[in-house]
Amino acid sequence: MALAFDEYGRPFIILREQESKSRLRGLDAQKANISAGTAVARILRTSLGPKGMDKMLQSPDGDITITNDGATILEQMDVDNQIGKLMVELSRSQDYEIGDGTTGVVVMAGALLEQAERLIERGIHPIRVAEGYEIASKIAVDHLQQISHKFEFNPTNIEPLVQTCMTTLSSKIVNRCKRSLAEIAVKAVMAVADLERKDVNLDLIKIEGKVGGKLEDTELIYGILVDKDMSHPQMPKHIEDAKIAILTCPFEPPKPKTKHKVDIDTVEKFQTLREQERKYFDDMVQQCKDVGATLVICQWGFDDEANHLLMHRNLPAVRWVGGVELELIAIATGGRIVPRFQELTAEKLGKAGLVREKSFGTTKDRMLYIEHCANSRAVTIFIRGGNKMMIEETKRSIHDALCVARNLIRNNSIVYGGGAPEISCSIAVEAAADKYPGVEQYAVRAFADALDSVPMALAENSGLQPIETLSAVKSQQIKEKNACCGIDCNDAGTNDMREQNVFETLIGKQQQLLLATQVVKMILKIDDVISPSEY
């Protein structure tokens, strides 16, 4: 720490508790930051691509997560370093915006940082490196636009969407049923999509999982699945053309808000109190019957007495249904959520073609299917799997596939995957570097080298010779002027990604480059790190 002296040579303190703060400045700070960023990227590098490895993370409470999704890995890893946290946020923002490509964006940022370190060691100022990167990312994003293709699809021909979702799922643990899962994801998105506005509300797609069965039993339900059963075991399990009353008020006698006490000193008084209570329940059940409800779904519980009455009056009921599920049921059946019994009318009832209870395996687990609804804009994807970790990972994979389908509906441009767009951009950026006089030219070339790291990692993870494979594909792209040549990870015998049907969304790729460049610029601009010392 540099000390400041006054004119008499006495040291004086500028920063509060300055002797207990540790401080890195200048080149040391930049190098420390770069090494922190690249360390995080190196962890994710091995999980890129269809042959990428999975990571097993244990939380402090001992829960285990096995995943290959970049954003999840970084969320679960307790990263302590500030620059490491920037990388975590980088993959999180890619996850929120695009939903896919969370590993690639971190690998890309790590490669840019590695290249920047070499340039800084040669004495190039970090700001000039950052500016060069900015120029290069603009060239790369424009080039992606040029090599992209429009993908035409309509509600009857969803094959293009399914192909793109299969690319996303091929790098996940569920890749053996990627075809069926991709179809489920696309059908779910098409069911809730608003094709005129090109908008998809993913909240309408509910993803439920249940341990047991096999991954192939995963199904798409055009309706809602509720993890509850009928409140009384003798109630009917199968209701057709159900009219559903959705209530948020409890089936109980009203309680006064104030503190109260009832003195009962004779048997007659007790009898009248009981009569009164029974009458309340009778009125409640009668009100539901009068409006024509054939099923009651209630957010709260109800008394055994109410349960018994409902059973006698042939009014099946479900209790303790969560708020979010109630909203989805209301959207799907076109009903209204009713807060008070007095407000129940026939118009507020939801309609469903079929409500059935289904039990699974030998366990007592039962679930309620509400199908053939009046408004089929809410759907449920029901996942089965051998264990809890498998189901959690499938949920994350399906979420990625849903996001990809949504992005394609928003903007139907695609680029070919397998590292092809990165190699193509790298060639374009390298060619454009000569136009820039001055130091930025070095940074633009470094950006081109960094772009090669994604296909290189793909080749490495697939057990191919990385440098050899990359240079072969690169020379093929330059020779044939074909931007669809990528790394052949699946040993299909061809480098042409059109034949292998490997696609990625254009906005996903552009977002990756822009986000990675922004984060690297931010890291390069830091030249002083002042942190409180550890006690």
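The model is predicted. Its strands β9, β18 and β10 form an open, mixed sheet, and helices α7 and α11 pack on that sheet. A search of the whole structure for aromatic pairs finds two, one of which is described below.

**The sheet**
- The strand order is β9-β18-β10, with β9 (205-211) and β10 (219-221) as the edge strands, each pairing on one side only.
- On average, neighbouring strands are turned by 25° against each other, direction ignored.
- β9 and β18 (residues 379-385) run parallel and are joined by seven bridges.
- Within this pairing, isoleucine 205 stands opposite valine 379 of β18.

**Helices on the sheet**
- Helix α7 (residues 178-192) touches β9, β10 and β18, and its direction makes about 165° with that of β18.
- Helix α11 (residues 388-410) touches β9 and β18, and its direction makes about 160° with that of β9.

**Aromatic contacts**
- Tyrosine 416 and phenylalanine 503 form a tilted pair, with 5.5 Å centre to centre and 55° between the planes.
- The two residues are 87 residues apart in the chain: tyrosine 416 belongs to strand β19 (residues 413-416) and phenylalanine 503 to strand β20 (residues 503-505).
- Tyrosine 416 counts as buried because its relative accessibility is 10%, where buried means under 20%.
- Phenylalanine 503 is also buried, at a relative accessible area of 5%.
- Elsewhere, the charged end of arginine 356 sits over the ring of tyrosine 369, 4.3 Å from the ring centre.

How values were computed:
Residues numbered from 1 in each chain as written. Predicted model: local features only at pLDDT ≥ 70, side-chain atom pairs only at ≥ 80, totals over all residues. Heavy atoms only, no water. Pairing = 2+ DSSP bridges. Helix = DSSP H or I, 4+ residues; strand = E, 2+ residues; numbered from the N terminus. Axes fitted to C-alpha atoms, helices over the stretch in contact; angles between N-to-C directions. Contact = heavy atoms within 4.5 Å. Phe/Tyr/Trp six-rings, centres within 6.5 Å; stacked < 30°, edge-to-face > 60°. Buried < 20%, exposed > 50% of the residue type's maximum accessible area, 1.4 Å probe, protein only. Lys NZ or Arg CZ within 6 Å of the ring centre and 35° of its normal.
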